[in-house]
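Colleague: Could you walk me through how the helices and the core of this one pack together?

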Amino acid sequence: MREHRPRKRFGQNFLCDDHVIDRILAAINPRPGQHLIEIGPGEGALTAGLLDAGVKLDAIELDRDLGPVLEARFGQRDGFSLHQADALGFDFSSLASESLPFTVVGNLPYNISTPLIFHLLNFSGLIDDMYFMLQREVVQRLAAEPNSKAWGKLGVMARYRCDIEALFDVAPESFRPPPKVMSGIVRLTPKTAAMNTAQETALRRVVTAAFSQRRKTLRNTLRDLVSVQQLEGLGIASGARAESLTLEQFVAISETIEADDSHPAV
């Protein structure tokens, strides 16, 4: 079978560095009988190592030209199932087992990485953890801490739902074709506490407004949501900027506006 040509419209950059593949597999630490879901397996660089560990593996691949490639390599392997589908609209609960939460792995194209992560978090009660290859910039934003330029809406909202750990960087030459940017591996572990949908909606409003103009103070960016007196009642300086606030402080503000739904939406 001839070599598959990576497609730009699918954001395809195939991992081809055995050392990096081994590092990723070591981080995932697949175990016999474990249930994994691989998003965008491509030509199967990670798939082979995962199956060698004896896992049950559901692979989700959008590119229909890669279906025959994957079936030819792995179709006869125990535990392998291929789903030709768009992960952004996929119902991951259809793959769940009552007694076996799953781990998700994938090399995610930049243009779908953020919406796909938040789509997966809709199924967080079914997921043990997730390991993703992303643009390094996205990994830095996900794993950022307060008082840094990378700390923003993505990091706050992701940390509300997950514990996040940046693992290691991956250079462009580890891919075919080489991307123009550095990549990174990140681990996301969904928090076990039940999510408060109303609070999350309020938190998104607060964070969106707070980071809409990063150089302005909270008294200006949040003036349509909370008063200076409410901020200072929470122990938050109204003259502070969004990047200085912790997740817990953003949640405290969101609880204030959740309790008072008379404020207009942002």
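Predicted model: local features only at pLDDT ≥ 70, side-chain atom pairs only at ≥ 80, totals over all residues.

Colleague: Start with α1 and α2, then: at what angle do their axes cross?

Modeller: The axes of α1 and α2 cross at roughly 45 degrees and come within 10 Å, and the two helices are therefore oblique to each other. The crossing of α1 with α2 is right-handed.

Colleague: Which residues make that contact?

Modeller: From α1 the contact uses I21, I24, L25 and I28, and from α2 it uses A45, L46, G49 and L50. Sorted by class, that comes to 7 nonpolar residues, 1 polar residue and no charged residues.

Colleague: Staying with α2, which of its residues are buried?

Modeller: In α2, which spans residues 45-52, the buried residues are L46, T47, A48, L50 and L51.

Colleague: And what covers them?

Modeller: The cover over the buried residues of α2 includes the helices α1 (18-28) and α3 (66-74), together with the strands β2, β3 (56-61), β4 (80-84) and β5. After α2 comes G54, which has a positive phi near 85 degrees.

Colleague: Switching to the other pair, how do α6 and α7 sit: roughly parallel or roughly antiparallel?

Modeller: The axes of α6 (residues 153-161) and α7 (residues 197-210) cross at roughly 160 degrees and come within 10 Å; the two are therefore roughly antiparallel to each other. Their crossing is right-handed.

Colleague: What is in that contact, by residue and by class?

Modeller: α6 contributes K153, V156, M157, Y160 and R161, while α7 contributes Q199, E200, L203, R204, V207 and T208. By class, the contact of α6 with α7 contains 5 nonpolar, 2 polar and 4 charged residues.

Colleague: On to the core: which residues of the largest nonpolar core touch the most other members?

Modeller: That core has 30 residues, and the ones touching the most other members are I39, F92, L120, F132, L134 and L142. At least two core residues come from each of β2 (35-39), β5 (102-107), α4 (110-120), β6 (127-135), α5 (136-142), α6, β7 (162-170) and β9 (183-190).

Colleague: Which element gives the most to this core?

Modeller: That is β6, which gives 4 residues.

Colleague: Last one: what does L120 touch?

Modeller: Leaving aside residues up to four places away in sequence, L120 touches I39, F92, V104, I127, M130 and F132. Among these partners, I39, F92 and F132 are, like L120 itself, listed with the core residues that touch the most other members.

Key: Residues numbered from 1 in each chain as written. Heavy atoms only, no water. Axes fitted to C-alpha atoms, helices over the stretch in contact; angles between N-to-C directions. Parallel < 35°, antiparallel > 145°, perpendicular 65-115°, else oblique. Left-handed = near helix turned anticlockwise from the far one by under 90°. Contact = heavy atoms within 4.5 Å. Nonpolar A, V, L, I, M, F, W, Y, C, P; charged D, E, K, R; others polar. Core = buried A, V, L, I, M, F, W, Y, C linked by side-chain atoms within 4.5 Å. Buried < 20%, exposed > 50% of the residue type's maximum accessible area, 1.4 Å probe, protein only.
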